[in-house]
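Subject: Structure handover

Hi,

Here is the structure we talked about. Please open it next to this message; my notes follow below.

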Amino acid sequence: MALKRQQDMLATFSMASMTDVIFLLLVFFLVTSTFIFPTALDINLPESAAQTPSKPTTRVFIDAGGNYFVSYADSELQPVENENLVDYLKVVTSQDSVGGIAVYADTEVAYGKVVEVLNIGAQNSMKMVLATKPVDSKRPDAQTIANE
């Protein structure tokens, strides 16, 4: 006569796999949250078809009123006077490992204001990149409109 052993069922639930999933979600959200650059200024950037691969950590913002604001890495936006902009950028770029400056100018800003900032960078051997937003593919470009 063959006797069967009774197997005891455990009434507990293993949480090991659940903690692994939660840990992976936590790491995912921590990594993706560092890609977002919050700005407190409402700047309407001009559009461009090409983008640069470098992402400078120092940013100069020029709002529609022509006021300058500078942000380094994840720091708060600092309002900077026109005459202090050169000295402020020299100090910030000496601490910057990437060594580039992104210029965010509103579309309403006079072209001369943007050129002033770019000239400051050129005179002080600073790499500068003009920030733009991607071109809206639904809208026709200027070349298409001119040909019609």
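This is a predicted model: local features need pLDDT of at least 70, side-chain atom pairs count only at pLDDT 80 or more; totals for chains, interfaces and linings use all residues.

Ser125 comes after α3 and has a positive phi, near 55°. Residues are numbered from 1 along each chain as its sequence is written, and side-chain values use heavy atoms, with hydrogens and water left out.

The helix α3

α3 has 13 residues and spans 18 Å from its first C-alpha to its last. That is close to the expected 18 Å at 1.5 Å a residue, where the expected span is 1.5 Å times one less than the number of residues. Val114, Val117, Ile120 and Gly121 of α3 are buried. Buried means under 20% relative accessible area, exposed over 50%, and partly exposed in between (1.4 Å probe, protein chains only). Down the axis of α3, the buried residues fall within an arc of 120°, so they line one face of the helix. The arc is taken from the directions from the helix axis to the C-beta atoms. Tyr111, Ala122 and Gln123, on the other side of α3, are exposed. The buried residues of α3 pack against β2, β3, α2, β5 and β6.

The sheet

Five strands make an open sheet with mixed pairing, in the order β4-β3-β2-β5-β6. Strands pair if DSSP finds at least two bridges between them. β4 (78-80) and β6 (127-130) are at the edges with a single partner strand each, so one side of each has no neighbour in the sheet. Neighbouring strands are turned by 30° against each other on average, direction ignored. Helix α2 (residues 85-95) packs on this sheet and touches β2, β3, β4, β5 (100-105) and β6. The direction of α2 makes about 10° with that of β3. Axes are lines fitted to C-alpha atoms, for helices over the stretch in contact, and angles run from 0 to 180 degrees between N-to-C directions.

β3 and its partners

β2 (residues 58-62) and β3 (residues 68-72) run antiparallel, joined by five bridges. Ile62 stands opposite Tyr68 in β3. The two strands form a hairpin with five residues between them, and Gly66 in the turn has a positive phi of about 85°. β3 also pairs with β4, antiparallel, over three bridges. Here Phe69 is opposite Pro79 in β4. This hairpin has five residues between its strands too, and Ala73 takes a positive phi near 55°. Four of the five residues of β3 are buried.

The core

Which residues touch the most other members of the largest nonpolar core? Ile62, Leu85, Leu89 and Val117 do, out of 16 residues. Such a core is a set of buried Ala, Val, Leu, Ile, Met, Phe, Trp, Tyr and Cys residues joined through side-chain atoms within 4.5 Å. β2, β3, α2, β5 and α3 (111-123) each supply at least two of its residues. Beyond its neighbours within four places in sequence, Val117 contacts Val60, Ile62, Tyr68, Leu85, Val103 and Met128. Contact means heavy atoms within 4.5 Å.

Overall

The protein has four helices and seven strands. Of its 148 residues, 23% count as buried.

Best wishes
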